[in-house]
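Colleague: I have just opened this entry and would like to learn how to read it. Could you take me through it feature by feature?

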Amino acid sequence: MKTIHKLFTSLAIILILVSCKDQDVEPTEQKTLFLRHKGADMPVWVHGNAQSNKIVLYLHGGPGDCAMCYRYYFKELENDMMVAYWDQRVAGASSGKVDSATLRYAQFSEDAFYVVKLLKQQYPNAQIYLLAHSFGVELAWQFLTTNNNQQMISGLMAVNGMFSYYRWLYHVREWALREAKKQNNAEAERELMANPVTLENTATVNWELIYRWMHKLGGNPVSLYDDKKYLANYAFASPNTALAQFTHSKAYSYYGEVESRLFEKGALLKNIRIPVRLFWGVKDGVVPVEVGRETQQLLTNTSVSTVEFSQSWHEPFITETQEFNNAVRSFVK
Amino acid sequence: MKNIHLSLYLMLGLLILTQKNTQAQSLRISYYGETITHYGLKTAYEYPIFSKIKERNQSRKMLLIAPSAALYRHPRNHFGIIIAPELIYRRIGKRGTLLEAGIAPAYFRYFLEGSTYQVTANGELERIRYAGGNAFLPTVFVGTGRALSVRRGLSFDWYTRLNISQQRPYNTSALTRFSLEIGAIFPFKKQ
């Protein structure tokens, strides 16, 4: 009985001491937020150094990909800043009951606005930077060229993403043609030559044929499934619903067939005033580096820098993780 | 929504029915989870509506109904509650091998594990407590185990079960879920 009494007394003292500690900002933030909007419950996980007062909001690709599943590569950044991993509607671990008619650029941009607003509400002193990849770059241009949204953001890091469907598909075909010639693939060359991409035929050209050849010719040979450590981390340590990831793409048929084909922000890029850094895997066939170079020329009213990753394809943060994270750090500093 | 109500009415009906007679009924308690990191507990009250013992090999076939409830946690994502009226076909061989299969038109309630903010009509963000959702979760399952009461004279059986469910609605359509149960069945009276 005496031992139990002693045990309880010690426990009580420890609890009192723990509860008396300073209520300062925790140095390491680990928060899960959800944004509920137009049927979707979208998670935003915020991790990292809270005292930095800098948040990098990751805009994942896809559409329909996930944010937290790439934490494996970005985790190191959390020592120096907070990283907010947002799963967009009908993507990653987002849930709810969503009308597929909401899967439009304008809605994604509106969601992004409220995610930024939520982060600003939670961290009023923090500067917010966007780190956008692939489709996330389309979303970033949509968001930044709408209303005064760019005033909420301190800078954009755009990774292998497009500003114009026409210029994108044009360069994908050029990339594939170059590779077809290099690899002596006569069939690819013939089919690609028979499908030229012009401004007039962008909405009707057989983009799947061009895209398929680009992949067959080695446009992005990197597969996450080859990395066993990543897979184990995804299955057991990420908050994602593993099978959900494979259900999302079905919802995006309108995006693929209509919405994305009308995407054109080239003329609006001159309105961008916030600093931009372009990150590009130069071997990428999915969004070739020429798209990045055109992007830089169109950003005439802001400071633009480019970091090219010579050993990378579509996801330089996977293939050159250390170099990529260093480039993020130097931009956010 | 109609399916969710149907699940709950069925569940209520079974609860009333199983109050009548405790003869040959049993309690099932198990680990329930999608993986070891999405963990939970499940319990069910089993009630036989048909039972037959084959004289030749003494194997027993049963048709059971079982109101059940499961609770689990998917960390940093949600807490889930699954309430299901289960219909189970179970066969116990003469050596105690247990095989089962069944269906469960389940009701699924989940609570998001995180602070949830909703965009209001005037564009403000409003905190919602206990945010989550309701879904219909039709489930089929197969299981195996060992009736330890048959040869070893113990007063419980162990079993393991694989559930395949479909959550409706989920985003724009449905989501297939897999889950596992590993647990024990405790008969109320020795049969």
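This is a predicted model: local features need pLDDT of at least 70, side-chain atom pairs count only at pLDDT 80 or more; totals for chains, interfaces and linings use all residues.

Colleague: How many bridges join strand 1 of chain B to strand 10 of chain B, and in what sense do they pair?

Modeller: Strand 1 (residues 26-33) and strand 10 (residues 173-187) of chain B are antiparallel and share 8 bridges, and within strand 10 of chain B it is Pro187(B) that stands opposite Ser26(B). Strand 1 of chain B also pairs with strand 2 (residues 39-53) of chain B, again in the antiparallel sense, over 6 bridges, where Tyr31(B) has Leu41(B) as its bridge partner, and a hairpin of 5 residues leads from strand 1 to strand 2 of chain B.

Colleague: How many residues of each chain take part in the contact between chain A and chain B?

Modeller: One reads a contact of this kind by counting residues on each side and then asking which elements supply them. Here 30 residues of chain A are in contact with 25 residues of chain B. Strand 1 (28-37) of chain A is among the elements that each supply at least two residues to that side, as are helix 3 (105-122) and helix 8 (228-236) of chain A, and strand 1 of chain A gives the largest share, 6 residues. Sorted by class, the side of chain A that touches chain B holds 16 nonpolar, 9 polar and 5 charged residues. Strand 1 of chain A also pairs with strand 6 (residues 115-119) of chain B, in the parallel sense and over 4 bridges, with Arg36(A) opposite Gln118(B).

Colleague: Where should I look for the nonpolar cores, and which residues have the most contacts inside the largest one?

Modeller: In soluble globular proteins, nonpolar side chains tend to be buried together. The largest nonpolar core in this model has 99 residues, and those with the most contacts inside it include Val56(A), Ala84(A), Ala140(A) and Met157(A), while helix 5 (residues 165-182) of chain A contributes the largest share, 9 residues. A second, separate core of 18 residues includes Ala70(B), Tyr72(B), Ala84(B) and Tyr110(B).

Colleague: Is helix 4 of chain A mostly covered or mostly uncovered?

Modeller: Helix 4 (residues 135-144) of chain A is mostly covered, with 10 of its 10 residues buried, and these pack against strand 3 (54-59), helix 3, strand 6 (127-133) and strand 7 (155-159) of chain A.

Colleague: Why is Gly266(A) classed as partly exposed?

Modeller: Gly266(A) is partly exposed because 17 other C-beta atoms lie within 10 Å, whereas a buried residue would need 20 or more. Gly266(A) is found in the loop between helix 9 (253-259) and strand 8 (276-281) of chain A, and, leaving aside neighbours within four places in sequence, Gly266(A) is in contact with Phe163(A), Ser164(A), Arg167(A) and Leu298(A).

Notes
Residues are numbered from 1 along each chain as its sequence is written. Chains are lettered from A and ligands numbered from 1 in the order in which they are written. Two strands pair if DSSP finds at least two bridges between them. Two residues are in contact if their C-beta atoms, placed from the backbone, lie within 7 Å. Ala, Val, Leu, Ile, Met, Phe, Trp, Tyr, Cys and Pro count as nonpolar, Asp, Glu, Lys and Arg as charged, and the others, Gly among them, as polar. A residue is buried if 20 or more other C-beta atoms lie within 10 Å of its own, exposed if 12 or fewer, and partly exposed in between; C-beta atoms are placed from the backbone. A nonpolar core is a set of buried Ala, Val, Leu, Ile, Met, Phe, Trp, Tyr and Cys residues joined through C-beta atoms within 7 Å.
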